[in-house]
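Good morning, and thank you for coming. Please look at the display before I go on.

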Amino acid sequence: MANGDEQPVGTACEGGRAMTRQRVHLLDSAEAAISGAAEEVVALLREGCRRREKASVALPGGETPHPLYRLLAERYRDAAPWDQIFFFLTDERFVPPDHPQSNYRMVREALLDPLGVPEANRFPYRTTRIELNRAARRSEETLLQVVGRPPRFDLILLGVGEDGHIASLFPRFVPPGERWVTAVRNAPKPPPKRLTLTYRTLNAARELLFLVLGERKAGIVEEIFRQPPRRTDLPVHRLKAERHVWFLDRAAGRALLS
Ligand code: 6PG
């Protein structure tokens, strides 16, 4: 496939959409991939606000998106109507919101606070003074109220772990099919207790944007794009949203260079 071309992948989807359209951008450096992802994020959120007045996005934690959030806050401050956007997290570690491992803490410090996003537009998971399952149910209720049922996010940004997990959906973990948000009790990546959007929610999004960088992701990227697939347990292979867009640097995407 030529770099950046849109290709149909997969077959018929849940929800009546015919096909997933996939674009893969393989860039020379991590900086170029992050910049490309930033342009895509801003374009989608602007478009969502233009069409529907409000837009919604779910953001991951992890190391990879941190420089993207900083770039958005520094260079794209005037490029999107940030106060018209509802911010959710793809997943959260079940730790207090000021804990070093909290995804909300990272996203708040790198993006939401610098952009001055109103508190009313932030929807972090509740992780204190609440039981894990109850927290999942509460987040699900909020998600359906704010984004709709099905929740059609304008954009869900995803990283990919070295073991292939996305959000807190790990290989071999199959969340209850009817849920939009679920609790995870024994994640292989610490901390073990987590909250996550489910495949059902990811698949209802208008676009899934994957940002995958660095040598340590080269192996999993090769598995994800291998044809025919060698593994049957990869979370990415369960995804079938309307559009999937990948931003990779050469180190992560070297298997695609041919
Ligand atoms: C989390 C993330 C998770 C992340 C991947 C990749 O809370 O752990 O939301 O899904 O995206 O683990 O993480 P890195 O970017 O740190 O490799």
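This is a predicted model: local features need pLDDT of at least 70, side-chain atom pairs count only at pLDDT 80 or more; totals for chains, interfaces and linings use all residues.

Let us start with strand β10 (residues 207-212) and strand β11 (residues 243-249), which run parallel and are joined by six bridges. Within this pair, L208 faces H244 of β11. A word on terms: helices (H or I, at least four residues) and strands (E, at least two) are DSSP runs, numbered from the N terminus. Two strands are said to pair if DSSP finds at least two bridges between them.

Residues are numbered from 1 along each chain as its sequence is written, and side-chain values use heavy atoms, with hydrogens and water left out.

Now the sheet as a whole. β10 and β11 belong to an open sheet of eight strands with mixed pairing, in the order β1-β2-β11-β10-β7-β3-β4-β6. At its edges are β1 (6-9) and β6, each of which pairs on one side only. Strands of a sheet pair through backbone hydrogen bonds, either parallel or antiparallel.

Further along the sheet, strand β3 (residues 55-59) pairs with β4 in the parallel sense, over five bridges. How many of the residues of β4 (residues 85-89) are buried? Five of its five residues are buried, and the strand is mostly covered. Here buried means under 20% relative accessible area, exposed means over 50%, and partly exposed lies in between (1.4 Å probe, protein chains only). In a regular strand the side chains alternate between the two faces of the sheet. In β4 both faces are covered, with I85, F87 and L89 buried on one side and F86 and F88 on the other.

Rolling a probe the size of a water molecule over the atoms shows where empty space is left. On a 1 Å grid over the protein atoms alone, a cavity is a set of points where a 1.4 Å probe fits but cannot get out; a pocket is an open set with protein on both sides within 12 Å along at least five of seven lines; and lining residues have an atom within 4 Å of a point. Grid points are joined across faces, edges and corners, and a volume is the space filled by probe spheres set on the points.

By this rule there is one cavity of 30 Å³ or more, and the largest cavity holds about 40 Å³. Its lining consists of F87, F88, L89, Y104, V107, L112, R122, F123 and P124. By class, eight are nonpolar, none is polar and one is charged. In that count, Ala, Val, Leu, Ile, Met, Phe, Trp, Tyr, Cys and Pro are nonpolar, Asp, Glu, Lys and Arg are charged, and the others, Gly among them, are polar.

The second largest pocket has a volume of about 500 Å³. Of its 28 lining residues, G61, G62, E63, R93 and K189 lie nearest its centre. Both β5 (91-93) and α3 (103-115) supply at least two residues of this lining, and the largest share, three residues, comes from α3. The classes here are seven nonpolar, 11 polar and 10 charged residues.

Turning to the helices, α1 (residues 30-52) has 23 residues and spans 33 Å from its first C-alpha to its last, close to the 33 Å expected; the expected span is 1.5 Å times one less than the number of residues. Among its buried residues are A33, I34, E40 and C49. Just after α1, E53 takes a positive phi of about 70 degrees.

Finally, the loops. Two cis peptide bonds deserve a look: one joins R149 and P150, with omega about 0 degrees, and another runs from P190 to P191, with omega near -5 degrees. P150 sits in the loop between α4 (132-147) and β7, and P191 in the loop between β8 and β9 (194-197). R129, in the loop between β6 and α4, has a positive phi near 50 degrees. At 77% relative accessibility, R129 counts as exposed.
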